[in-house]
Amino acid sequence: MDYKESCPSVSIPSSDEHREKKKRFTVYKVLVSVGRSEWFVFRRYAEFDKLYNTLKKQFPAMALKIPAKRIFGDNFDPDFIKQRRAGLNEFIQNLVRYPELYNHPDVRTFLRMDSPKHQSDPSEDEDERSSQKLHSTSQNINLGPSGNPHAKPSDFDFLKVIGKGSFGKVLLAKRKLDGKFYAVKVLQKKIVLNRKEQKHIMAERNVLLKNVKHPFLVGLHYSFQTTEKLYFVLDFVNGGELFFHLQRERSFPEHRARFYAAEIASALGYLHSIKIVYRDLKPENILLDSVGHVVLTDFGLCKEGIAISDTTTTFCGTPEYLAPEVIRKQPYDNTVDWWCLGAVLYEMLYGLPPFYCRDVAEMYDNILHKPLNLRPGVSLTAWSILEELLEKDRQNRLGAKEDFLD
């Protein structure tokens with residue numbers, strides 16, 4: 001669906017629903033775009049339902065619908081949540097299609113459309129602007145050889161947010177000079193410095209620099225900074241997240257899963273050869289390019305830090321894909337990536353991660369202790385490599401001896 005620039009559009013990013021452990025409800029994160037301003041709102045299903053009932057009474061001729069309140073089975077089943085998310089997304093798209101609906105006061109309140117905070121730079125969000133009033137930093141960060149002192153934000157038209165998190169966001173941008181599209185990662189300096197993440201961010205820059213010519217790793221063109229922000233100008237990979245394609249198709253045929261796994265393994269092997277452990281391999285971090293090849297990126301990391309949860313963890317990674325040694329807080333090495341490859345391959349073949357459980361504590365226990373049960377539907381060769389990658393003892397895991405060559 002194409003919208004005019006002045007018409008607000010809303011989408012629900014496919015990987016950004018957050019389940020709060022104790023209260024047991026799902027909160028949907030909604031991205032709202034109005035002209036060049038973008039912001040997020042968080043809404044529970046009950047709030048969608050309330051708005052729907054209000055509008056249905058006032059606009060009975062409108063063909064509005066939302067997913068049913070309940071279906072038989074578990075309301076927290078991943079498939080159910082995916083179906084509900086798609087239905088809510090369609091509901092919102094219908095709302096913004098008609099001026100009489102999106103100008104309705106309840107809709108404007110629901111989407112926070114009248115907040116003055118939303119009438120400014122699309123590369124900022126409300127948290128950045130409010131905190132900038134309190135904090136400012138003029139400290140320059142050494143960007144190394146990627147730094148371009150002549151580049152500036154006004155070189156680009158920022159079009160839309162394609163990733164967001166606690167450090168900043170990633171935007172699709174069009175460079176005015178040549179009309180080329182890039183993914184521009186924008187990080188807030190004060191958060192980088194306050195959280196002592198400068199070493200991590202600079203390590204990331206070095207990773208990008210080293211791998212700019214690798215076919216299955218996202219490339220960094222250059223970086224620059226302003227008083228408040230760091231900007232990394234990256235390849236724009238336009239085939240979408242592997243997660244999106246997997247969600248749409250539920251699982252992949254074995255030959256397709258094998259193709260993706262081979263390219264992911266090649267990229268991981270290259271990173272390991274230059275002494276880099278990826279650590280956070282998951283479908284959201286795997287993009288497809290315009291002809292269907294894999295490109296590993298960290299855009300998924302840009303979505304971290306916004307989960308609604310009572311618990312905190314020092315783990316680096318995503319619960320479904322954590323290796324046993326990471327859960328145990330033991331030292332880990334390259335083999336952690338081969339476990340993650342096994343988890344992603346399993347999900348590609350079967351539609352869910354190997355030890356998935358909606359109760360995170362139970363899922364950790366499964367990862368640590370539950371054996372991998374043979375399931376029908378794949379070849380013995382595929383099952384063999386899954387068993388070897390998802391070996392709980394990292395010293396016996398496939399890749400422990402000669403890494404990618406194994």
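**Close-up views of a predicted model**

**View 1. Strands E5 and E6, side by side.** Strand E6 (residues 168-175) and E5 are antiparallel partners joined by seven bridges; strands here are DSSP runs of E, at least two residues long, while helices are runs of H or I of at least four, both numbered from the N terminus. Look for Val161, which sits opposite Leu171 in E6. This is a predicted model, in which local features need pLDDT of at least 70 and side-chain atom pairs count only at pLDDT 80 or more, whereas totals for chains, interfaces and linings use all residues. Residues are numbered from 1 along each chain as its sequence is written, and side-chain values use heavy atoms, leaving out hydrogens and water.

**View 2. The open sheet around E5.** Five strands, in the order E5-E6-E7-E9-E8, make up an open sheet with antiparallel pairing (two strands pair if DSSP finds at least two bridges between them). At the edges are strand E5 (156-164) and strand E8 (220-225), each pairing on one side only.

**View 3. Helix H13 and its buried face.** In helix H13 (residues 380-389), the buried residues are Ala382, Trp383, Leu386 and Leu389. They fall within an arc of 130° seen down the axis of H13, so they line one face of the helix; the arc is taken from the directions of the C-beta atoms from the helix axis. Buried means under 20% relative accessible area, exposed over 50%, and partly exposed in between, with a 1.4 Å probe and protein chains only. The buried residues of H13 pack against helix H9 (254-273) and helix H11 (335-350), contact being heavy atoms within 4.5 Å. Turned away from the buried side of H13 are the exposed residues Leu380 and Thr381.
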